[in-house]
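Grab a pencil and open the structure viewer. Try each exercise yourself before you read its solution.

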Amino acid sequence: MASPPPKQTMKERILETADKLFYLQGIRAIGVDTIAAEIGISKRTLYNHFPSKDALIAAYLERRFVAQRPSDKPPAEQILATFDSLERRFAAKDFRGCPFVNAVAELGPEDTDRAVKKIAIAFKESRRIWFRDLLRQLGVTDAEGLATQLTLLVDGSIAQDLVRDDPAMARAAREAARVLLANAGVKVGSPAPAGKKRAG
């Protein structure tokens, strides 16, 4: 018989609740009072774990900062699979865009110590470097430049999906990535098959 999963600590409960509310409703729209009330704790208890809302925002973004998992798939396949993964994510009803871009856009001048911007830049750069390293494995001459272009395709498809509510934007970005890879001398397969629009 499998043992039950370990019980969440209070810090984990706070962070999980903040993550859900910040992402779905917006960082500025959600105060610490709302988070504390959702969990059923006092603000003092919340502040015992996170000394300020800024600290909680930073922890929320760091929680979302997940590195790409190692894979045995060929590098070109891994790159194109990024867009397949995006299409699946776009089709989810709870998709609200990139949490890092959202945070930078929401907080703007309020991010006085640039903590949020630094985390967002680190995340975006980690994705670009992941692309770059795969491109180097493929022997691409300008791996740096092409990695930047692929990163722009990712972010552009996210923005287009948010505006159009159409997961096919990821497929269009995948096809553009396939063309870029082919132009750089990488052998790539045929275009991805057509998918479905997000269910209403």
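This is a predicted model: local features need pLDDT of at least 70, side-chain atom pairs count only at pLDDT 80 or more; totals for chains, interfaces and linings use all residues.

Residues are numbered from 1 along each chain as its sequence is written, and side-chain values use heavy atoms, with hydrogens and water left out.

**Exercise 1.** Work out how helices α4 and α6 are oriented to each other.

Step 1: Find α4 at residues 53-64 and α6 at residues 99-107; helices here are DSSP runs (H or I, at least four residues), numbered from the N terminus.
Step 2: Their packing angle is about 155°, and their axes (lines fitted to C-alpha atoms over the stretch in contact) lie 10 Å apart.
Step 3: Angles run from 0 to 180 degrees between N-to-C directions, and those over 145 count as roughly antiparallel. So α4 and α6 are roughly antiparallel.

**Exercise 2.** Find the residues through which α4 and α6 meet.

Step 1: On the α4 side, pick out Ile57, Tyr60, Leu61 and Arg64.
Step 2: Across from them, α6 brings Pro99, Phe100, Ala103 and Leu107. Contact means heavy atoms within 4.5 Å.

**Exercise 3.** Is Asp19 buried or exposed, and which residues does Asp19 contact?

Step 1: Look for Asp19 in helix α1.
Step 2: Skip neighbours within four places in sequence, and Asp19 contacts Tyr60, Arg63 and Arg64.

Methods:
Helices (H or I, at least four residues) and strands (E, at least two) are DSSP runs, numbered from the N terminus. Angles under 35 degrees count as roughly parallel, over 145 as roughly antiparallel, 65 to 115 as roughly perpendicular and the rest as oblique.
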